[in-house]
Amino acid sequence: MSKRVHRPREDAEFDFILGMSGVPVLAYFTGTWSKAIEPCQVMDLVVSDIADDYTGRLTAVRADITRCPAATERYGITGAPSYVLLKEGEAVAHGTGPMTITEVRKVLDGHL
């Protein structure tokens with residue numbers, strides 16, 4: 001996992017990271033139940049590469065659904081992995097399920 005991907009331990013830390021980011025935020029939500037582990041591990045690799053490739057243009061945040069329940073509810077997250085792209089605090093794109101790096105770049109390039 002890239003050091004450029006923030007891993008908040010709770011909702012307050014998640015909100016702090018969002019508030020401090022001067023660039024759009026790619027927040028992706030993970031889970032620890034058995035059916036979510038493998039797809040979330042795939043997304044860990046994708047988001048790690050994205051964080052490195054978009055340094056200075058994007059903040060990446062990996063939020064565990066059980067540790068950040070308020071953020072999970074706020075953005076309507078119903079499964080893992082899921083992602084939300086936030087610009088100035090507003091969700092401009094979202095999705096559920098694992099994505100390839102090409103698919104994520106296409107979403108990001110349409111909004112950055």
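This is a predicted model: local features need pLDDT of at least 70, side-chain atom pairs count only at pLDDT 80 or more; totals for chains, interfaces and linings use all residues.
So, when I say salt bridge today, I mean a side-chain nitrogen of Lys or Arg within 4 Å of a carboxyl oxygen of Asp or Glu.

With that, let's start with the charged pairs. The structure holds five salt bridges, and I'll walk you through some of them. Take Arg4 and Asp52: their side chains meet at 3.4 Å, N to O, which sits inside that 4 Å limit, so the pair counts. Arg4 is in the segment before strand 1 and Asp52 is in helix 2, so this bridge ties together parts that are 48 residues apart in sequence. Arg4 is partly exposed, at 45% relative accessible area, and Asp52 is partly exposed as well, at 38%.

Next up, Arg74 and Asp15, whose side chains meet at 3.0 Å, N to O. Here helix 3 gives the Arg74 and helix 1 gives the Asp15, so parts 59 residues apart in sequence get tied together. Then there's Arg105 with Asp53, where the closest N and O atoms are 2.2 Å apart. Arg105 lies in helix 4, residues 101–109, and Asp53 in helix 2, so that pair spans 52 residues of sequence.

Okay, on to the inside. Which elements give it two or more residues?

Ring pairs link Phe14, Phe29 and Tyr75 into a cluster. The rings of Phe14 and Phe29 have their centres 5.9 Å apart and their planes at 40°, so we call that pair tilted. Phe14 comes from helix 1 and Phe29 from strand 2, 15 residues apart. Phe14 with Tyr75 is also tilted, at 6.4 Å centre to centre and 55° between the planes. Tyr75 sits in the loop between helix 3 and strand 4 while Phe14 is in helix 1, so this pair connects parts 61 residues apart in sequence. Are these residues buried or exposed? Phe14 is buried, at 0% relative accessible area, Phe29 is buried at 0% too, and Tyr75 counts as buried at 18%.

Now look at helix 1 as a whole. Its buried residues are Asp11, Phe14, Ile17 and Leu18.

Most residues other than glycine have a negative phi, and most peptide bonds are trans. Ala80 and Pro81, though, are joined by a cis peptide bond, with omega about 0°. Pro81 is in the loop between helix 3 (69–74) and strand 4, and both Ala80 and Pro81 are among the residues Phe29 touches. Then Glu88 has a positive phi, near 50°. Glu88 is in the loop between strand 4 and strand 5 (90–96), and it's exposed, with a relative accessible area of 83%.

Note on methods:
Residues are numbered from 1 along each chain as its sequence is written. Side-chain values use heavy atoms; hydrogens and water are left out. Contact means heavy atoms within 4.5 Å. Helices (H or I, at least four residues) and strands (E, at least two) are DSSP runs, numbered from the N terminus. Buried means under 20% relative accessible area, exposed over 50%, partly exposed in between (1.4 Å probe, protein chains only). Rings of Phe, Tyr and Trp (its six-membered ring) pair if their centres lie within 6.5 Å; planes under 30 degrees apart count as stacked, over 60 as edge-to-face and the rest as tilted. Lists of a residue's contacts leave out its neighbours within four places in sequence.
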